[in-house]
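Please keep the structure open beside you as you read.

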Amino acid sequence: MNIFLLADFSVIKPDPGLIFWTSIIFIVLWTVLGRMAFKPIQNALKKRDNDIQEALDEAKNAREEMSNVQAENQKLLAEAREERARMLKEAKETKDQIVKEAKDQAREEAKKIVTNAQQEIENQRKVAMAELKKEVGAMAIDIAEKVLRKQLAGDKEQEQFVNTLVDDIKLN
């Protein structure tokens, strides 16, 4: 008999009792699944959605932070370049100043050496001239003495010449 019941069954024209029981089972199943499966699934999906949103927010914050760090790095790099340029400029100025001071000092020393050398040359020239005058004077006296001795060959003539010289000295 069970066979007859199934023989009368058709999917195209359902029986109202079958629709009723199918609907009741569907509603009960839907309610049970809603409480037991859909809520945990929905909660898991919300949690996953929140986790994804948090991860996206963290990624956005990380990108902003990286952007800020890069900007700060660029700023520090620019400051370092400026500092290096300033230090190089100061070093060059210091080098130029030291070179200039060394040149000025060398010029001053050279002037002192030249002045001292000129003074020494002048002093040596004066000493040489005095020595030369002394020698020339001594030679002149020797020559004059020899000439006078030759001219004043006698004692009488020498006495007369000496007396003339003594008279000239007394007059002056």
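Predicted model: local features only at pLDDT ≥ 70, side-chain atom pairs only at ≥ 80, totals over all residues.

1. Now to the patch itself. Phe-26, Ile-27, Leu-29, Trp-30, Leu-33, Phe-38, Ile-41 and Leu-45 make up a nonpolar patch on the surface. Together they have about 800 Å² of accessible area.

2. Leu-45, one of the patch residues, sits in helix α2, which covers residues 16-151. Is Leu-45 buried or exposed? Its relative accessibility is 53%, so Leu-45 counts as exposed, the cut-off being over 50%.

3. Next, the aromatic rings. Searching the whole structure turns up three aromatic pairs. One of them joins Phe-20 and Trp-21 edge-to-face, with 5.2 Å from centre to centre and 75 degrees between the planes. Phe-20 is partly exposed at 46% relative accessible area, while Trp-21, at 55%, is exposed.

4. Ring pairs also link Phe-26, Trp-30 and Phe-38 into a cluster. Phe-26, Trp-30 and Phe-38 are among the residues of the nonpolar patch too.

5. Finally, the chain as a whole. It has three helices and zero strands, and from the N terminus the order of elements is α-α-α. How many of the 172 residues count as buried? The share is 1%. The chain exposes about 16,500 Å², and 61% of that comes from carbon and sulfur atoms.

Definitions and conventions
Residues numbered from 1 in each chain as written. Heavy atoms only, no water. Phe/Tyr/Trp six-rings, centres within 6.5 Å; stacked < 30°, edge-to-face > 60°. Buried < 20%, exposed > 50% of the residue type's maximum accessible area, 1.4 Å probe, protein only. Patch = residues over 30% accessible without salt bridge, like charges linked within 9 Å, V, L, I, M, F, W, Y side chains within 5 Å. Areas by Shrake-Rupley, 256 points an atom, 1.4 Å probe, with all protein chains shown as cover. Salt bridge = Lys/Arg side-chain N within 4 Å of Asp/Glu carboxyl O. Helix = DSSP H or I, 4+ residues; strand = E, 2+ residues; numbered from the N terminus.
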